[in-house]
Amino acid sequence: MKIGIIGLGLMGGSLGKTLKKLGGFTVYGYDISDTTMLKADMVGAINGVLTEETCKDIDMLIVSLYPSSFLSSIERFLPNLKDGAIITDFCGIKRQTVKEMKALAEKYPNLVFVGGHPMAGREFSGIDRAVSTLFDKASMILCNVNADIFTLEQVKKFYLSLGFSEVVITTPEYHDRAIAFTSQLCHIVSNAFIKNDIATEHFGYSAGSYKDLTRVARLNPEMWAELMIENKDNLKNELGEFIDNISKYLDALNLGDKEQLKSLLKEGNERKLSIDSKKNGTN
């Protein structure tokens, strides 16, 4: 199977490494950075360069870029792709890219478009941090555009073969709403939490809870700012609800109301236990 990858940073580079490790894939890659292209070749993430010529035989084209770069990055390749070639992406929001895919599907009815978002990542970025195990046991989200049931099943099997534990099919609207809570809000909370003055003096006083809460404070500001602004309607709702909830704890402390604080903590603890029980099927 021949795969084209546009964008060879952490995600695209890890994809290339995974495919090469599995074997049976020929990987053509393209990145705007010559240095990144050189490194991708050196670390064994690609077999060759994705060009207007080499793209003619690929079975799948995967775009691993910021959403704002999706459309412009693929326009040069689409006219040369073979009939039935699949175009998918790793963009962190889906309403924008799926909308663009729908327009492209009308222009190129011989091509197949499926929006995608791997729920995997690290607090680092760039090809230097790419690993062949990035997608192990992660979830892959798909938003179908024009694939028939058989092609969609082919895409699912492809991602499962990379190490993903599950493939979830949803709408771009629900994806963006859910991701505002499960990802974007988490990064904001962690990023804001670490700004406390004592964070620079806490050494020797922290354990797992501090490490868990602050891990995603380390991020790529340019990428996350774009994702958050593009999804601001959903993120504003989630952030507002979080502020409402966190203010209740402050109110209880201001009043010295131990029973109210205990009630709030009990409610959160029980919610977490219920969610975990539901996920593990132990209800």
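Helices α6 and α9 are oblique to each other, a term that here covers the angles left over once those under 35 degrees (roughly parallel), over 145 (roughly antiparallel) and 65 to 115 (roughly perpendicular) are set aside. The model is a predicted one, in which local features need pLDDT of at least 70 and side-chain atom pairs count only at pLDDT 80 or more, while totals for chains, interfaces and linings use all residues. Residues are numbered from 1 along each chain as its sequence is written, and side-chain values use heavy atoms, with hydrogens and water left out.

The axes of α6 and α9 cross at roughly 55° and come within 9 Å. Axes are lines fitted to C-alpha atoms, for helices over the stretch in contact, and the angles run from 0 to 180 degrees between N-to-C directions. The helices themselves are DSSP runs of H or I with at least four residues, strands are runs of E with at least two, and both are numbered from the N terminus. The crossing in which α6 passes α9 is right-handed; in this convention the near helix is turned clockwise from the far one by less than a right angle, and anticlockwise for a left-handed crossing. On the α6 side the contact (heavy atoms within 4.5 Å) is made by D176, R177, A180, F181, Q184, L185, I188 and V189, and on the α9 side by N234, L235, E238, L239 and F242. By class, the residues of this contact of α6 with α9 divide into eight nonpolar, two polar and three charged. Ala, Val, Leu, Ile, Met, Phe, Trp, Tyr, Cys and Pro count as nonpolar, Asp, Glu, Lys and Arg as charged, and the others, Gly among them, as polar.

Helix α6 (residues 172–193) also packs against helix α8 (residues 221–230), at an angle of about 125° and with the axes 11 Å apart. The pair α6 and α8 is therefore oblique, and its crossing is left-handed. Here S183, Q184, H187 and I188 of α6 meet W224, L227 and M228 of α8. The contact of α6 with α8 holds four nonpolar, three polar and no charged residues.

A further pair is formed by α9 (residues 232–255) and α10 (residues 258–280), whose axes lie 8 Å apart at an angle of about 155°. With that angle, α9 runs roughly antiparallel to α10. Helix α9 passes α10 in a left-handed crossing. K248, Y249, A252 and L253 of α9 make the contact with Q260, L261, L264 and L265 of α10. Six nonpolar residues, one polar and one charged make up the contact of α9 with α10.

Taken as a whole, the protein chain has 10 helices and eight strands. Its C-alpha trace spans about 70 × 40 × 35 Å along the principal axes. Of the 283 residues in the chain, 40% count as buried, meaning under 20% relative accessible area, with exposed meaning over 50% and partly exposed in between (1.4 Å probe, protein chains only). Among the contacts with a separation of 6 or more, 74% join residues 24 or more positions apart.

K94 sits in the loop between β5 (86–89) and α4 (95–107) and is buried, at 0% relative accessibility. Beyond its neighbours within four places in sequence, K94 is in contact with D89, G115, G116, H117, C143, P172, H175 and D176. A105, placed in helix α4, is likewise buried, with a relative accessible area of 13%. D136 lies in the loop between β6 (112–119) and β7 (139–144) and is partly exposed, at 41% relative accessibility. With neighbours within four places left aside, D136 is in contact with L162 and G163.

Turning to the cysteines, a search of the whole structure finds zero disulfides, defined as pairs of cysteine sulfur atoms within 2.5 Å. For C91, the nearest cysteine sulfur is that of C143, 11 Å away. C91 is buried, with a relative accessible area of 0%. The sulfur of C186 is 19 Å from the closest cysteine sulfur, in C143, which is too far for a bond. C186 is partly exposed, with a relative accessible area of 38%.
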